[in-house]
Amino acid sequence: MNVLYYHQHFSTPQGSTGTRSYEMARRLLAQGHSVTMVCGSYGGGNTGLAGAYQNGKREGRVAGIQVVEFELPYSNRDSFLRRTLTFLKFAWRSAWLVLRRDYDLVFATTTPLTAGIPGILARWLRGKPFVFEVRDLWPELPKAMGVIRNPLVLGAMSVLEWLSYRSAHRLIGLSPGIVDGIARRGVPRERIALIPNGCDLDIFGVSAEPWRPEGVGVNDLMAVFTGTHGIANGLDAVLDAAAELKRRGRNDIKLVLIGQGKLKAELQQRAHAEQLDNVIFHDPVNKAKLAGLMAATDVGMQILANVPAFYYGTSPNKFFDYIAAGLPVLNNYPGWLAGIITEHECGYAAPPDDPVAFANALIHAADHRDELRRMGQRARALAQSEYNRDLLAARFVTWLEKAVERKG
């Protein structure tokens, strides 16, 4: 099976962003299939290609994956208009590719939603099987956040969502809420598989060299957030909790924010203005470096803005990295992840917009290290039993194979 795989934000583990597509492509290769990965240039990502662009693209083999990278740089710091134009340019160039290449199946993963366009064309113009993976519910999420308000844009996105879902022979949702959202658009549930993000047990929780950022003491409780510093992440909640900890004189608890994003400078300015020296900012790191950080971390922070659409409609990479590393997770919003944490007793589920409860959880963690250690052990056990990347990837590969066999 020759898979034409579209992921605009593809990255190898040498980058500082999620590697789901890289890992899934590797599992396809291991089962004897071939993969051509089509992507753009994502800030924080690393495609593994280093040569010069020729006519706006470069191509080469990375870990057995044929990678086609378009010269379309993207950053979450870009304006909405600039990001939209980049998405459309990627869809346009992808459309040409899907009409000219030889392949057996098109697989496309969001975000953005425009990733579905080449799959739609493959299905209706070339009669090829199309599998569509939904990582976030669009346009529900940007609409709920108030990021997109124009009714014409929202309407166009809704049409594209419906057309992508209806064109796909099979779909994949990364959370129960995403699966439900796809089904609400009229897609039969037998065409939808739940395959959440997975845990890379061979990267995290093994013999990585532990390290802590400057400003964090050996005996401090270190709670870490890794990922984008954007509107959706709601990281003011961390600074609110830091201010509460300062008021209580708990200088033995440090909150570390690893990553980049549109709001990072604003968060740094606020921390400086309020003298929140218990908040440490650090640049993004690759997976190997992140594994060492996790080895020295006490709590992983799973933070999102208090938007009800997030409660069940996301599947954050960082949560699965945390539990793979055997870290208790502090989650600050309701939903399916809060339910997992509570059910498996592998962390803290704090209510949203409540800095006192957030601070209380961190203080409890700092004052009950033995209990915290047991939470971490349960987190690692959960990663091994339920979210092992190998187990989930086997389901993924079978789902794609059946789409080719049956076209449905």
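Mentor: Six strands form an open sheet, and their order across it is S11-S10-S9-S12-S13-S14, with parallel pairing. Strands here are DSSP runs of type E with at least two residues, helices are runs of H or I with at least four, and both are numbered from the N terminus. Two strands pair if DSSP finds at least two bridges between them. At the edges of the sheet are strand S11 (279–282) and strand S14 (347–349), each of which pairs on one side only. From one strand to the next, the twist averages 20 degrees. Helix H12 (residues 336–344) packs on the sheet, where the helix touches strand S12 (299–302), strand S13 (329–331) and S14. Contact means heavy atoms within 4.5 Å. The direction of H12 makes about 135 degrees with that of S14; axes are lines fitted to C-alpha atoms, for helices over the stretch in contact, and angles run from 0 to 180 degrees between N-to-C directions.

The model is predicted: local features need pLDDT of at least 70 and side-chain atom pairs count only at pLDDT 80 or more, while totals for chains, interfaces and linings use all residues. Residues are numbered from 1 along each chain as its sequence is written, and side-chain values use heavy atoms, leaving out hydrogens and water.

Within the sheet, strand S9 (residues 221–226) and strand S10 (residues 253–258) pair in the parallel sense over six bridges. Met222 stands opposite Lys254 in S10. Lys254 also forms a salt bridge with Asp220, the closest N and O atoms being 3.1 Å apart. Because Asp220 lies in the loop between S8 and S9 and Lys254 in strand S10, this pair ties together parts that are 34 residues apart in sequence. A salt bridge is a side-chain nitrogen of Lys or Arg within 4 Å of a carboxyl oxygen of Asp or Glu. Asp220 is buried at 13% relative accessibility, and Lys254 is buried at 11%. Buried means under 20% relative accessible area, exposed over 50%, and partly exposed in between, with a 1.4 Å probe and protein chains only.

Another salt bridge joins Asp277 and Lys246, with the closest N and O atoms 2.8 Å apart. Asp277 lies in the loop between helix H8 (264–273) and S11, and Lys246 in helix H7 (residues 236–247), so the pair ties together parts 31 residues apart in sequence. Asp277 is exposed at 51% relative accessibility, whereas Lys246 is partly exposed at 30%.
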